[in-house]
Amino acid sequence: MPQRSVVEAPNPLREGLRIKQSAEPCVMVIFGATGDLTHRKLLPALYNLALEHPLPAGFSVVGFARRPYSDEEFRQQALESINAYSRQKPVNLQVWESFAAGNYSELPRSRSSAP
Ligand SMILES: NC(=O)c1ccc[n+]([C@@H]2O[C@H](COP(=O)([O-])OP(=O)(O)OC[C@H]3O[C@@H](n4cnc5c(N)ncnc54)[C@H](OP(=O)(O)O)[C@@H]3O)[C@@H](O)[C@H]2O)c1
């Protein structure tokens, strides 16, 4: 299994606090993954978290719905939704590809949204 590392950005709100807080690896299950809320809000929000780096290493999304999309069809629709609704555009394809592949700890460190 490949080694993963997490590089944290400084958080001015935590200055002076002794206890370090970081999210544990986790899985987010989306019930209604093919729906409007997921495509308009959840996926763009997750992409923006990936772009800004607070997602923990090992973070995964499991989507549940009735439409029989393949993983690739779902990823393609997710990318279209993020392109349409993300507050940071255009989509950084390097970040997107790492996000879509689940390599959250290997995302490029730049905050630029340019591809
Ligand atoms: N859209 C928004 O901006 C928004 C904002 C705030 C709150 N909400 C609330 O969030 C909820 C979802 O809204 P939405 O706009 O995303 O609705 P939607 O576009 O109609 O999507 C519904 C989702 O639920 C899935 N689903 C429905 N019945 C199912 C079943 N029996 N088994 C498995 N999956 C099922 C659908 O999947 P398939 O069609 O593929 O089966 C689809 O992914 C609603 O309660 C809504 O009031 C939505």
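Predicted model: local features only at pLDDT ≥ 70, side-chain atom pairs only at ≥ 80, totals over all residues.
1. Overall architecture. The protein chain contains 3 helices and 2 strands, and the elements follow one another from the N terminus in the order β-α-β-α-α. Of the 115 residues in the protein chain, 17% are buried. Among contacts between residues at least 6 apart in sequence, 74% link residues that are at least 24 apart.

2. The strand pair. Strand β1, residues 27-31, pairs with β2 in the parallel sense, and the pairing extends over 5 bridges.

3. Exposure of strand β2. Strand β2 covers residues 60-64; the number of its 5 residues that are buried is 0, so the strand lies largely in the open.

4. The ligand shell. The residues around the ligand include G32, A33, T34 and G35. Also in this shell are D36, L37, T38, R40 and K41, together with A65, R66 and R67. By class, the shell consists of 3 nonpolar, 4 polar and 5 charged residues.

5. Residue Q77. Q77 is located in helix α2, which spans residues 71-85. With 17 other C-beta atoms within 10 Å, Q77 is partly exposed, because a residue counts as buried at 20 or more such atoms and as exposed at 12 or fewer. The C-alpha atoms of Q77 and T34 are 8.9 Å apart in space, although the two residues are 43 apart in sequence. T34 is itself one of the residues around the ligand.

6. The loop between α2 and α3. P90 lies in this loop. The peptide bond that joins K89 and P90 is cis, with omega at about -5°.

7. The buried side of helix α3. Which residues of helix α3 are buried? In this helix, residues 93-101, they are V95, W96, F99 and A100. They cover an arc of only 125° around the axis and therefore lie on the same side of α3. The buried residues of α3 pack against α1 and α2.

8. The end of helix α3. Just after α3, G102 adopts a positive phi of about 85°.

Conventions. Residues numbered from 1 in each chain as written. Helix = DSSP H or I, 4+ residues; strand = E, 2+ residues; numbered from the N terminus. Pairing = 2+ DSSP bridges. Near = placed C-beta within 6 Å. Nonpolar A, V, L, I, M, F, W, Y, C, P; charged D, E, K, R; others polar. Arc of directions from axis to C-beta. Contact = placed C-beta atoms within 7 Å.
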